[in-house]
Amino acid sequence: MTDIARLLGEEADSLLNHTCAGFKKEDLHLPGPDFVNRVMMDSSRSPHVLRNMQTIFNHGRLGGTGYVSMLPVDQGIEHSAGASFAPNPQYFDPKNIVELAIEGGCNCVASTLGVLSSVARRYAHRIPMMVKLNHNETLTYPAIYDQTLFAQVEQAHDMGCVAVGATIYFGSPESRRQIQEISEAFERAHELGMVTVLWSYLRNPEFKKDGTDYHVSSDLTSQAVHLAATINADIVKQKLPENNGGYRAVGFGHTHDRVYDELLSDNPIDWARYQVVNSFMGRAGLINSGGGSKGHSDMGEAVRTAVINKRAGGMGLISGRKAFQKPRDEGVALLNAIQDVYLDKSVTIA
């Protein structure tokens, strides 16, 4: 098992021993082997959706725990194929993306329509697959920042996928259209029995104030999580909070002083706990993103994110570039280190 305390370094005590006081763990719908029966059975989801969610829960090294470790590789569109795969050219071939997810013990692999459809007959029965429906492509010049549908729900269903994913840039001028598009897509996915996962991101230049980037503030990202749960996302992907007080700094919208003065401390587990709280107290599973690859620090950063997510009450991690921009054995080791956090019974809910 991974030496979690060593990788956390000076933060080990504050992260492994913190207790959340504002929102207590007893009030949350926590992940677990019985999550579908205990939590999702209350919902309007069909037996087909429940079966596909359980299929995801049952797969990989975390199978049977109620936690998930996902490999997302849609960066060939979001960041260009060259920028994404030149560090490790084998991943220009879609089969190696899926093989990494299998060898790495992931619950699910998420990628583009083209990637997964090109190898679906070989792999759809071997690992749960998720098509990412929309993307922000970066070949348009001057650059625009919008999420455009690249695929239809029916295409994902027909190739054997158990889930669909999508991104909404909350706070952007285009967000209202994206909300409507993805709400309709998620409704169709549920009709076909598929799980829905929302990349619930913020995008607005006004969210940066006085040198601080509040795109990763606990209060603003948590509201984006709440909106994701509102359009029936079964799982919400969100960046790990790095600060708090976005509403106050930007000076717009609605919040409450208790969020800052009583309910949350400055511990990052509290900031992530607020994301879980806004996912209907955990009824929609919160997964945090692994972030970009920085090289030697990736392992420690991935384990830190997993510890914060798990102790906050989250459902797992979705990490891509940290894994696939490395040699295969190193990518597998990183994915396994993330999973070890969720398998380690000494890392408890705060």
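Reader: Let's start with strand β11: how many of its residues are buried?

Author: Keep in mind that this is a predicted model. A residue counts as buried when its relative accessible area is under 20%. In strand β11 (residues 285–289), 5 of the 5 residues are buried, so the strand is largely enclosed by the rest of the structure.

Reader: Which residues point which way from β11?

Author: Here's the general idea: in a regular strand the side chains alternate between the two faces of the sheet. In this case, G285, I287 and S289 point one way from β11, while L286 and N288 point the other way. Residues on both sides are buried.

Reader: And which strands does β11 pair with?

Author: For pairing, look at the bridges and at the direction. Strand β10 (residues 235–238) pairs with β11 in the parallel sense over 4 bridges, and I235 stands opposite G285. Strand β12 (residues 316–318) also pairs with β11 in the parallel sense, over 3 bridges. There, N288 stands opposite L317.

Reader: What about strand β7, how many of its residues are buried?

Author: For strand β7 (residues 195–202), 8 of the 8 residues are buried, so β7 is largely enclosed by the rest of the structure. Both faces are covered, with V195, V197, W199 and Y201 on one side and T196, L198, S200 and L202 on the other. As for pairing, strand β6 (residues 163–170) runs parallel to β7 and is joined to it by 8 bridges. One of the bridge partners is W199 in β7, which goes with T167.

Reader: Okay, now helices. At what angle do α6 and α17 cross?

Author: With two helices, you compare their axes. Those of helix α6 (residues 94–103) and helix α17 (residues 328–343) cross at roughly 45° and come within 9 Å. Angles under 35 degrees count as roughly parallel and those from 65 to 115 as roughly perpendicular, so α6 is oblique to α17. The crossing of α6 and α17 is right-handed.

Reader: Which residues make that contact between α6 and α17?

Author: From α6 you get N96, E99, L100 and E103, and from α17 you get R328, G331, V332 and L335. By type, the residues of this contact divide into 3 nonpolar, 2 polar and 3 charged.

Reader: Let me pick one from α6. Is L100 buried or exposed?

Author: L100 has a relative accessible area of 0%, so it counts as buried. Leaving aside its neighbours within four places in sequence, L100 is in contact with L71, Y91, A323, F324, R328, G331, V332 and L335.

Reader: Which residues is Q75 in contact with?

Author: Q75 is found in helix α5. Leaving aside its neighbours within four places in sequence, Q75 is in contact with S80, S84, R321 and F324. Q75 is buried, with a relative accessible area of 7%.

Reader: Last one: which residues does a cis peptide bond join?

Author: For a peptide bond, check omega. The cis bond joins Y141 and P142, with omega about 0°. P142 lies in the loop between β4 (134–135) and β5 (148–149).

Key
Residues numbered from 1 in each chain as written. Predicted model: local features only at pLDDT ≥ 70, side-chain atom pairs only at ≥ 80, totals over all residues. Heavy atoms only, no water. Axes fitted to C-alpha atoms, helices over the stretch in contact; angles between N-to-C directions. Parallel < 35°, antiparallel > 145°, perpendicular 65-115°, else oblique. Left-handed = near helix turned anticlockwise from the far one by under 90°. Contact = heavy atoms within 4.5 Å. Nonpolar A, V, L, I, M, F, W, Y, C, P; charged D, E, K, R; others polar. Buried < 20%, exposed > 50% of the residue type's maximum accessible area, 1.4 Å probe, protein only. Pairing = 2+ DSSP bridges.
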